[in-house]
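Please read the following account with the sequence and the coordinates side by side.

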Amino acid sequence: MAVKEEGAGSMGQGASPADRETRLRALFTTMARIRAFEDAAETASQGGVSAWGLEASGTPARVRGPLHLSTGQEAVATGVCANLRRDDLLTSTHRGHGHTLAKGADMTAMMCELFGRATGTNGGKGGSMHIADFSVGMLGANGVVAAGIPIATGAAHALKLARSDRIVCCFFGDGAINRGPFLEGLNWAQVYQLPVLFVCEDNRIAATTPTRTMTGGDGAAARAAALGLATLAVDGNDVEAVCDAAGDMAAEVRDGAGPRLLHAVTYRFKGHVSVDPGRYRDPAEVERALQDDPLALARRRMDELGLGNEAQWIVDAARAEVDAALAAAESAPFPDPSRAYTDVLDTGAGRWA
């Protein structure tokens with residue numbers, strides 16, 4: 001389950017054990033799909049063996065260009081997007097596969113996009129860093145840090161002018177709060193009381209630099225509060241906690257209470273890009289972070305509820321789904337060269353100035 005359905009969002013008061021089982025099963029399914037997709041995409045960008053230890057053909061990298069993984073951050077995308085409607089809008093970061101899947105995009109079309117194939121969500125032209133799917137309200141990943149913030153703010157202003165009950169969700173990383181669009185976007189959203197939920201996906205590192213060493217003050221929530229936004233901090237590895245917090249804030253935004261900021265602290269298990277071994281990080285820090293794997297935490301809770309066998313089935317099904325997506329991407333055609341100048345800024349009918 002990728003977007004909000006019965007029982008998928010915030011539980012509220014008086015939720016039954018059956019309701020919790022239904023929701024946890026749905027949340028774990030989305031996280032398992034994201035993890036399987038990221039593992040497979042990582043392998044496809046490197047060549048070699050498959051993500052789950054099976055021998056591969058040893059072919060060269062099939063995903064070209066930068067590939068930024070969200071491995072370890074699955075609970076944030078999953079918990080937040082479980083509270084969004086299909087027609088709500090979303091902006092993402094350069095690390096956007098998880099957000100796109102959680103918003104409901106088709107996995108096979110996404111994998112085709114990563115492979116640069118014509119059947120991708122953007123016709124093979126966007127690739128990983130610029131993936132988008134307007135059919136589910138996903139306005140796009142963005143290779144420029146913090147650039148999704150003004151896009152989300154503008155989209156939210158359009159929704160307000162249209163008197164729509166839709167909202168916008170804007171994901172950005174902790175490194176983005178040190179860039180100008182953070183102040184500009186949040187200030188505009190607050191001044192005009194726009195229907196946007198800002199989500200700081202704080203993985204505690206900006207590319208290769210620990211964020212704490214380059215950020216003054218108390219971080220994202222403190223800066224947002226200084227502008228008058230209501231804020232909430234949450235354990236970004238606890239998918240149920242994220243879902244509850246995001247559910248409350250999304251409901252407030254939809255009811256016209258103005259913008260909100262959710263600060264979700266998580267961890268990026270992998271390097272900055274898929275071919276980056278991340279040796280600039282303390283191995284002990286990484287090992288500690290792995291103990292808080294959001295999928296492992298959710299799986300332990302499923303075990304406690306007697307859903308352990310289902311958890312393994314869900315993981316296996318996610319891997320099978322990804323394998324099918326990989327096969328489809330391998331066999332899909334590349335874009336026809338005649339379409340090189342479609343869907344891009346007008347360059348004068350193909351003539352370089």
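The paragraphs below begin with the overall fold and end with local surroundings.

This is a predicted model, in which local features need pLDDT of at least 70 and side-chain atom pairs count only at pLDDT 80 or more, whereas totals for chains, interfaces and linings use all residues. Residues are numbered from 1 along each chain as its sequence is written, and side-chain values use heavy atoms, with hydrogens and water left out.

The protein chain contains 11 helices and eight strands, where helices (H or I, at least four residues) and strands (E, at least two) are DSSP runs numbered from the N terminus. Its radius of gyration is 20 Å, close to the 20 Å that the globule rule gives for 353 residues, so the protein chain is as compact as a globular protein of that length; the radius is taken over C-alpha atoms, and the rule is 2.2 Å times the number of residues to the power 0.38. Along the principal axes, the C-alpha trace spans about 60 × 50 × 40 Å.

Of the 353 residues, 52% count as buried, a term that means under 20% relative accessible area, with exposed over 50% and partly exposed in between (1.4 Å probe, protein chains only). Among contacts (heavy atoms within 4.5 Å) with a separation of 6 or more, 74% join residues 24 or more positions apart.

Helix α1 (residues 17-46) has 30 residues that should span 44 Å at 1.5 Å a residue, and its end C-alpha atoms are 43 Å apart, which agrees; the expected span is 1.5 Å times one less than the number of residues. Since 21 of the 30 residues of α1 are buried, this helix is largely enclosed by the rest of the structure.

Thr78 lies in helix α2 (residues 74-81) and is buried, with a relative accessible area of 3%. Leaving aside neighbours within four places in sequence, Thr78 is in contact with Leu27, Thr30, Met31, Ile34, Ala102 and Val239.

Phe182 belongs to helix α6 (residues 180-191), and Phe182 is likewise buried, with a relative accessible area of 3%. Which residues does Phe182 touch, not counting those up to four places away in sequence? They are Ile149, Phe172, Ala176, Ile177, Ala220, Arg223 and Leu261. The C-alpha atoms of Phe182 and Leu101, 81 residues apart along the chain, are separated by 25 Å.
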